[in-house]
Amino acid sequence: MAKERIWNKSLDIIKTVAIITVLMTHISASFVILFPVSSPEFIWGNIIDSLSRIGVPLFVMVSGALFLDEDKPFDAKSFFRKHLLKMVVLLVIWSIVYGIFYSMVSGVGILDYIFNFAGTLYPHIWYMYMIIGLYLITPVLRLFVKRENSKYILYFIILSVCGNFIPSFLGIFKNIFGFTVANYSSRLYLNFASGYTTYFLLGWYITNVDIKKKAKNILIGLGGMGLILMIVLTQAFESSIPASYQFTYDSLSILPFVYSLGSFLLLYRRENTKKNRKAFRFISKYTFGIYMLHIIFLEIFMNYILPYSPSTFITPLLYMVLLFVVIGAPSVLFSYLIEKVPYVRKLLYL
């Protein structure tokens with residue numbers, strides 16, 4: 001009989017870092033999109049946005065480590081009822097909630113928001129769709145995701161990186177070379193070896209396969225280089241290639257991939273520490289609630305209560321830090337309070 005693992009405390013740290021970086025991504029994104037490339041707003045926005053690009057990949061890797069764990073018993077019917085069905089219901093409810101909210105603040109019709117994904121808030125909901133997709137393929141993945149197949153799983157990850165993540169990034173050089181590798185790699189139709197499934201499997205691989213210290217240090221170093229290149233290339237290419245960040249920031253591109261891989265390796269510890277991690281455990285418990293609620297506070301503070309203006313004495317960096325505090329604190333507080341309310345607590349997947 002498989003022995004269930006004790007909860008790994010380092011996963012709390014990873015989830016805490018993930019939710020912090022997700023909030024910072026949503027805060028800094030507007031500085032990259034709205035301001036000229038030479039402005040302090042763009043420069044600081046680019047730095048913070050690049051630093052924050054590990055959020056979603058870290059969450060997916062943690063999910064992979066948990067849901068693909070062969071030491072835990074698995075029943076597809078029970079999994080679909082407990083996780084998949086619940087997430088579908090939450091998706092419907094939160095789509096309605098944000099449809100109403102967004103129609104109030106911007107006039108977009110509720111049904112237009114829900115069915116046509118109208119409005120800038122849709123990127124906040126997309127994560128739930130993606131997670132549902134991963135849940136749907138989890139029973140199939142569980143059939144072969146085992147330690148005895150670790151070499152094949154590594155092969156799948158490498159295939160995905162070479163066939164999709166690298167070609168996706170190289171599209172940034174299309175104007176220079178006149179073609180892109182993706183034109184050729186796409187002809188292989190490696191759709192099955194792409195997307196967030198790669199991070200899902202990567203989370204399992206890191207937490208179940210021994211990685212030599214030298215290889216681990218090299219991967220962490222490559223992660224640091226990926227971060228630096230994200231910052232530098234976005235700054236360098238944005239003036240000549242508008243929205244170049246679509247190539248450098250995209251989680252399904254090679255730079256965020258190596259940065260996320262290095263970050264997970266840096267934060268993850270196979271052996272549990274004896275230190276008390278109450279603060280991380282607390283935040284980790286409410287990450288879904290914080291994620292679902294923070295956009296409401298971000299919209300209110302950023303557009304109505306605390307809008308940014310270059311003419312103020314607040315620097316872009318100070319403003320982003322201040323905004324993080326004023327949206328992060330109520331998101332945590334309301335998640336905590338909602339947990340105390342029967343039935344309503346289910347809205348935050350607690």
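The model is predicted, and the chain in it holds 16 helices and zero strands. Its radius of gyration is 21 Å, close to the 20 Å that the globule rule gives for 350 residues, so the chain is as compact as a globular protein of that length.

**The chain as a whole**

- Taken along the principal axes, the box filled by the C-alpha atoms of the chain is roughly 65 × 60 × 45 Å.
- Of the 350 residues in the chain, 49% count as buried, while the accessible surface comes to about 17800 Å², with 69% of that area belonging to carbon and sulfur atoms.
- When contacts between residues at least 6 apart in sequence are considered, 81% of them join residues that are at least 24 apart.

**Helix α10**

- Helix α10 covers residues 197-208, which makes twelve residues, and the distance from its first C-alpha to its last is 17 Å, close to the 16 Å expected at 1.5 Å a residue.
- This helix is mostly covered, since twelve of its twelve residues are buried; among them are Y199, F200, W204 and Y205.

**Aromatic rings**

- The structure holds 30 aromatic pairs, and in one of them the rings of Y199 and F257 have their centres 5.6 Å apart and their planes at 45 degrees, so this pair is tilted.
- The pair links distant parts of the chain, because Y199 lies in helix α10 whereas F257 lies in helix α13 (residues 254-267), and the two residues are 58 residues apart.
- Both partners count as buried because each falls under the 20% cut-off: Y199 has a relative accessible area of 0%, and F257 has a relative accessibility of 4%.
- Y199 and F257 also belong to a cluster linked by ring pairs, in which the other members are F59, W126, Y127, F165, Y196 and Y291.

**The surroundings of D49**

- D49 is found in helix α2, which runs over residues 40-51, and with a relative accessible area of 1% this aspartate is buried.
- The side chain of D49 makes a polar contact with the side chain of R53, at a distance of 2.9 Å.
- Leaving aside residues up to four places away in sequence, D49 touches T25, S28, A29, V32 and Y249.

Definitions and conventions. Residues are numbered from 1 along each chain as its sequence is written. This is a predicted model: local features need pLDDT of at least 70, side-chain atom pairs count only at pLDDT 80 or more; totals for chains, interfaces and linings use all residues. Side-chain values use heavy atoms; hydrogens and water are left out. Helices (H or I, at least four residues) and strands (E, at least two) are DSSP runs, numbered from the N terminus. The expected span of a helix is 1.5 Å times one less than its number of residues. Buried means under 20% relative accessible area, exposed over 50%, partly exposed in between (1.4 Å probe, protein chains only). Rings of Phe, Tyr and Trp (its six-membered ring) pair if their centres lie within 6.5 Å; planes under 30 degrees apart count as stacked, over 60 as edge-to-face and the rest as tilted. The radius of gyration is taken over C-alpha atoms; the globule rule is 2.2 Å times the number of residues to the power 0.38. Contact means heavy atoms within 4.5 Å. Accessible areas come from the Shrake-Rupley method with a 1.4 Å probe; for residues, only the protein chains shown count as cover. A polar contact is a pair of N or O atoms within 3.5 Å; within protein, one must be able to donate a hydrogen and the other to accept it, and residues adjacent in sequence count only if both atoms are side-chain atoms.
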